[in-house]
Amino acid sequence: MLVLAFDTATPAVTAALHDGERVLAESTTVDARRHGELLAPAVQEVLRACGAALDEVTAVVAGSGPGPYTGLRVGLVTAQALATALGVPAYGVCTLDAVAYGSGLSEPFVVATDARRKEVFWARYADSRTRLSGPAVDLPGELPAGLPLVGAGARLYAGILGEERIVAGAPEYPSAGALAALAAERLAAGAELPAPLPIYLRRPDARVPGAPKRVTA
């Protein structure tokens with residue numbers, strides 16, 4: 001097994017290779033405006049670090065969000081295109097699940113990422129592997145009270161949520177290594193992973209222009 005995983009649903013453009021037992025290589029760059037420019041070089045970097053060729057990949061895993069429309073689509077379209085070209089399966093894993101898995105927590109907590117518009121994408125977990133509810137998009141003040149918080153969205157709104165609730169040392173962004181490890185674990189357990197399709201929780205900012213207004217004399 002050689003799993004190529006990547007996620008572009010947050011400002012972090014992250015890619016990794018996993019052999020079914022461990023992460024072989026990983027590359028992460030945080031840049032909210034260059035997902036399309038950074039993903040291909042990140043994939044090339046992890047392949048080169050392992051001395052592997054793209055045609056050795058046996059599965060592709062992409063973070064399926066939720067996340068801002070444009071960045072999210074970069075990873076998902078790339079996953080579908082690569083899987084088709086290589087003739088291998090492609091899977092989608094919730095980006096919040098990857099953040100949760102990377103935290104390694106064994107207690108209940110909440111993951112929150114930045115959804116812009118002064119909102120957060122969030123989900124509630126029993127532990128790092130078990131999502132209880134979500135994903136959802138809400139104002140920071142509407143998140144479940146009292147639980148520890150993980151993710152860049154939680155840190156961004158720490159003034160509202162409470163600085164003391166932020167888990168020190170927990171990841172702010174998804175790691176492709178965690179994404180690949182979680183997918184490999186689920187596949188090994190016989191789980192059926194979904195296709196790499198986007199998790200949209202609201203309409204995109206772009207709108208189809210309406211009919212032009214009539215001009216009267």
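**Exercise 1. Find which residue of strand 7 is the bridge partner of Val111.**

Solution. Let's start with one pair of residues in this predicted model.
- Step 1: Look along strand 7, where Ala123 is the bridge partner of Val111.
- Step 2: Now widen the view to the two strands: strand 6 covers residues 109-116 and strand 7 covers residues 119-127.
- Step 3: Seven bridges join these strands, and they run antiparallel.

**Exercise 2. Work out the strand order of the open sheet and name its edge strands.**

Solution. 
- Step 1: Four strands make up the sheet, and their order is 8-7-6-9. The pairing is mixed.
- Step 2: Check the ends of that order: strand 8 (130-138) and strand 9 (149-150) are the edge strands, because each pairs on one side only.

**Exercise 3. Describe the largest cavity and sort its lining by class.**

Solution. 
- Step 1: Searching the whole structure turns up one cavity of 30 Å³ or more. The largest cavity holds about 40 Å³ of space.
- Step 2: Its lining residues are Leu149, Val150, Gly151, Arg155, Ile166, Val167, Ala170, Pro171 and Glu172.
- Step 3: Sorting this lining gives six nonpolar, one polar and two charged residues.

Methods
Residues numbered from 1 in each chain as written. Predicted model: local features only at pLDDT ≥ 70, side-chain atom pairs only at ≥ 80, totals over all residues. Heavy atoms only, no water. 1 Å grid on protein atoms, 1.4 Å probe; cavity = no way out; pocket = protein on both sides within 12 Å on 5 of 7 lines; lining within 4 Å. Points joined across faces, edges and corners; volume = space filled by probe spheres on them. Nonpolar A, V, L, I, M, F, W, Y, C, P; charged D, E, K, R; others polar.
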